[in-house]
Amino acid sequence: MLFRIQPVEGRGNGVVATSKITKGTRIHAESPFITLLSLDDAPNPQALSELVLQQLRSATRDEQRAFFSLTNIHGNNMPIILGIVQTNALAFGPGGEGGVFLTGSQFNHKCLPSACSKWNSDLGMMTVHALRDIEEGEEITITYINFETHDVRQKTLYDGFQFICTCETCTLPQEMVNEMDADIQEIKNIDLHLKSSNLPLDESLGLAYRQRYLIESKSLDLAHAPDTYDLVAKLAAIRKDYTRAKIFSERHLAVVMTEGGPDHPDTKRQQEMDDYLASILEKHYGPRIPYHFPLFEVESWLWMQHQLPPEVYEGEGESEGDSQDTADESGYDGSSEEEQGVWSADEDDTFDVEALD
Ligand SMILES: C[S@@+](CC[C@H](N)C(=O)[O-])C[C@H]1O[C@@H](n2cnc3c(N)ncnc32)[C@H](O)[C@@H]1O
């Protein structure tokens with residue numbers, strides 16, 4: 001066992017590492033003890049109680065005891081069973097299904113968590129993987145919420161779990177919180193823009209680069225940050241730029257592998273896409289990835305960097321100064337695609353992204 005459950009100051013019980021855990025390690029896997037049909041529908045308390053009672057009756061005494069020892073933040077405001085369910089239910093299914101986990105429900109929240117909880121429909125289990133190295137004695141945290149600005153995060157956590165988040169991110173000085181919120185909003189705007197407009201690939205990559213820059217260099221990798229690599233891999237594949245698609249696909253594969261492990265459906269799907277791209281490259285072109293260039297040049301080539309046309313960005317949170325900064329960082333030397341070693345695929349190579357979704 002890589003962790004133990006113990007009291008954590010200001011957060012009730014929590015999950016604490018009993019040894020050093022390296023990034024990508026599966027920390028925990030567990031089937032739901034109580035399964036709920038939907039966390040999205042306002043539950044009819046009577047029906048919910050009945051559903052939970054039915055499942056409790058078929059549990060062992062030890063399991064029942066473990067269920068009743070879970071935290072109930074609702075006190076006398078509702079029947080005890082409902083209080084426990086509402087405090088501990090985690091969402092997992094695509095239709096808003098959720099459940100209570102005897103161990104997994106004891107992970108506390110942080111906006112910049114050290115671990116990722118993910119529902120694995122193939123295993124019928126929630127898994128928890130380390131998003132970074134975690135030290136012995138450190139609390140292992142997950143996130144309960146989506147990628148949001150400070151006030152939205154606080155409201156969601158208070159409404160759903162009745163606590164005020166005091167994590168490092170939420171307690172930054174107001175000026176830094178404002179700056180971070182502006183960056184988060186810009187990341188979300190870019191995501192919407194990339195998904196809703198049919199931009200030429202170089203413009204999409206320019207925006208995507210900016211998104212990745214904001215997420216990585218400013219430590220905004222709050223859980224559920226938009227997955228830039230997934231999107232640009234698909235955009236490049238649709239435009240038959242299989243070399244770039246393959247590189248972005250490898251990066252996305254690394255992300256889903258860390259978050260869900262090799263047996264997660266997302267990882268398997270991405271592996272399938274990656275193998276397919278590899279087979280196209282192998283069959284028609286052989287390796288064209290310019291790894292013999294210095295890393296900086298490969299990155300610059302990969303993202304097709306040049307200054308973004310201002311109209312792409314207008315009104316979406318970026319100042320002119322910022323845009324200029326990005327262009328300056330790019331190192332784009334103005335050489336043509338051919339000079340940079342980029343090739344185009346045959347007409348017959350049609351990448352069916354839908355089939356992989
Ligand atoms: C799913 S339970 C987590 C385990 C819980 N701490 C326990 O003692 O069983 C959710 C509750 O834990 C507490 N909690 C989780 N994350 C917290 C945080 N970052 N700060 C304060 N309380 C937190 C809140 O009371 C929340 O309603």
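Guide: A crossing of two helices is left-handed if the near helix is turned anticlockwise from the far one by less than a right angle, and right-handed if clockwise. The structure above is a predicted model, and in it α7 passes α8 in a left-handed crossing.

Visitor: Which residues make the contact between α7 and α8?

Guide: On the α7 side, the contact is made by Y229, D230, V232, A233, A236 and A237. On the α8 side, Y242, R244, A245, F248, S249, R251, H252 and V255 take part. Sorted by class, the contact of α7 with α8 has nine nonpolar, two polar and three charged residues.

Visitor: At what angle do the axes of helix α7 and helix α8 cross?

Guide: The axes of helix α7, residues 228–238, and helix α8, residues 242–260, cross at roughly 155 degrees and come within 8 Å. Angles over 145 degrees count as roughly antiparallel, and therefore α7 is roughly antiparallel to α8.

Visitor: Where does K240 lie?

Guide: K240 belongs to the loop between α7 and α8. Its phi is near 65 degrees, a positive value in a residue other than glycine. K240 is also buried, with a relative accessible area of 16%, because buried means under 20%.

Visitor: How many residues does the largest nonpolar core have?

Guide: The general idea comes first. In soluble globular proteins, nonpolar side chains tend to be buried together. Here, the largest nonpolar core has 28 residues. Those with the most contacts inside this core are L194, L201, L205, F248, L277, L302 and W303. Two or more residues each come from α5 (174–196), α6 (201–217), α7, α8, α9 (265–285) and α10 (295–302).

Visitor: Which element gives the most to this core?

Guide: The answer is α7, with seven residues.

Visitor: Is H109 buried or exposed?

Guide: H109 counts as buried, at 4% relative accessibility. This residue is found in strand β7, residues 108–109. Leaving aside neighbours within four places in sequence, H109 is in contact with T141, I142, T143, Y144, I145, L157, F163 and C165.

Visitor: What separates the C-alpha atoms of R153 and N44?

Guide: R153 and N44 are 109 residues apart along the chain, and their C-alpha atoms are separated by 26 Å. R153 itself lies in helix α4, residues 150–161, and is buried, with a relative accessible area of 2%.

Visitor: How many helices and strands has the chain as a whole?

Guide: The chain has 13 helices and 10 strands. Of its 357 residues, 48% count as buried. Among contacts in the chain with a separation of 6 or more, 68% are accounted for by residues 24 or more positions apart.

Methods: Residues numbered from 1 in each chain as written. Predicted model: local features only at pLDDT ≥ 70, side-chain atom pairs only at ≥ 80, totals over all residues. Heavy atoms only, no water. Axes fitted to C-alpha atoms, helices over the stretch in contact; angles between N-to-C directions. Helix = DSSP H or I, 4+ residues; strand = E, 2+ residues; numbered from the N terminus. Parallel < 35°, antiparallel > 145°, perpendicular 65-115°, else oblique. Contact = heavy atoms within 4.5 Å. Nonpolar A, V, L, I, M, F, W, Y, C, P; charged D, E, K, R; others polar. Core = buried A, V, L, I, M, F, W, Y, C linked by side-chain atoms within 4.5 Å. Buried < 20%, exposed > 50% of the residue type's maximum accessible area, 1.4 Å probe, protein only.
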